[in-house]
Amino acid sequence: MKMEIEEVDNCQAQPLPLLSLNHVSLLCRSVWESMRFYEDVLGFVPIKRPSSFNFTGAWFYNYGVGIHLIENPHIDEFDACVNEFRPINPKDNHISFQCTDVELVKKRLEEKGMRYVTAVVEEGGAKVQQVFFHDPDGYMIELCNCENIPIIPISSCSLKPRGHSFKKTAPYKCGFMENVMMESLSTDMINFSF
């Protein structure tokens, strides 16, 4: 197999034209057990996956993101950390979903006999409640009311007003995607304030 390597000058590279997160792919010991978890606990909906795949798996979708499960019964041989009985550590790798009612989440997890830990993040008088738990393969899941803390960019890019002829005080040094992201963020922040 021939591999071609293209050298890229990182100083001139533009950000990739990303739109959004599409899916998270997870290895699992049992697709059936994980399917029940993602459907019954998190409310994901099974969707059709390509029939050309020659391995066991399942696709789910909800909340604007997909979950792709790939069965590997020998998962423990590759990752000794995957163990549903390990301690639940909020500082571990995890997938986070925003929810509307953290207390209801805790009640439902208790009804299902699932272990979880909670945390509270405070910033400028706002509080975010977090609930952390593992899926059947030990992957950390967080459910939170993260919308309570506003997203404030730390980028050096300034917001360019659209359709206005304000006098520019500094030249724009941001790329196209940075400007689109900042404009989208400013629109979201305005929508949150009303």
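Student: What makes Asp-101 a cap at the N-terminal end of α3?

Tutor: In this predicted model, a side-chain oxygen of Asp-101 lies 3.2 Å from the backbone nitrogen of Glu-103. A polar contact is a pair of N or O atoms within 3.5 Å; within protein, one must be able to donate a hydrogen and the other to accept it, and residues adjacent in sequence count only if both atoms are side-chain atoms. Local features here need pLDDT of at least 70, side-chain atom pairs pLDDT 80 or more, while totals for chains, interfaces and linings use all residues. Residues are numbered from 1 along each chain, and side-chain values use heavy atoms, without hydrogens and water.

Student: Which residues of α3 are buried?

Tutor: Val-102, Val-105, Lys-106 and Leu-109, in a helix of residues 102-111. Buried means under 20% relative accessible area, exposed over 50%, partly exposed in between (1.4 Å probe, protein chains only). Helices are DSSP runs of H or I with at least four residues, strands runs of E with at least two, numbered from the N terminus.

Student: How do you know that the buried residues line one face of the helix?

Tutor: Seen down the axis of α3, they fall within an arc of 95 degrees, so they line one face. The arc is that of the directions from the helix axis to the C-beta atoms. These residues pack against α1, β6, β7 and β8, contact meaning heavy atoms within 4.5 Å.

Student: Why is Tyr-63 called exposed?

Tutor: Its relative accessibility is 51%, so Tyr-63 counts as exposed. Tyr-63 lies in the loop between β3 and β4 and has a positive phi of about 60 degrees, although it is not a glycine.
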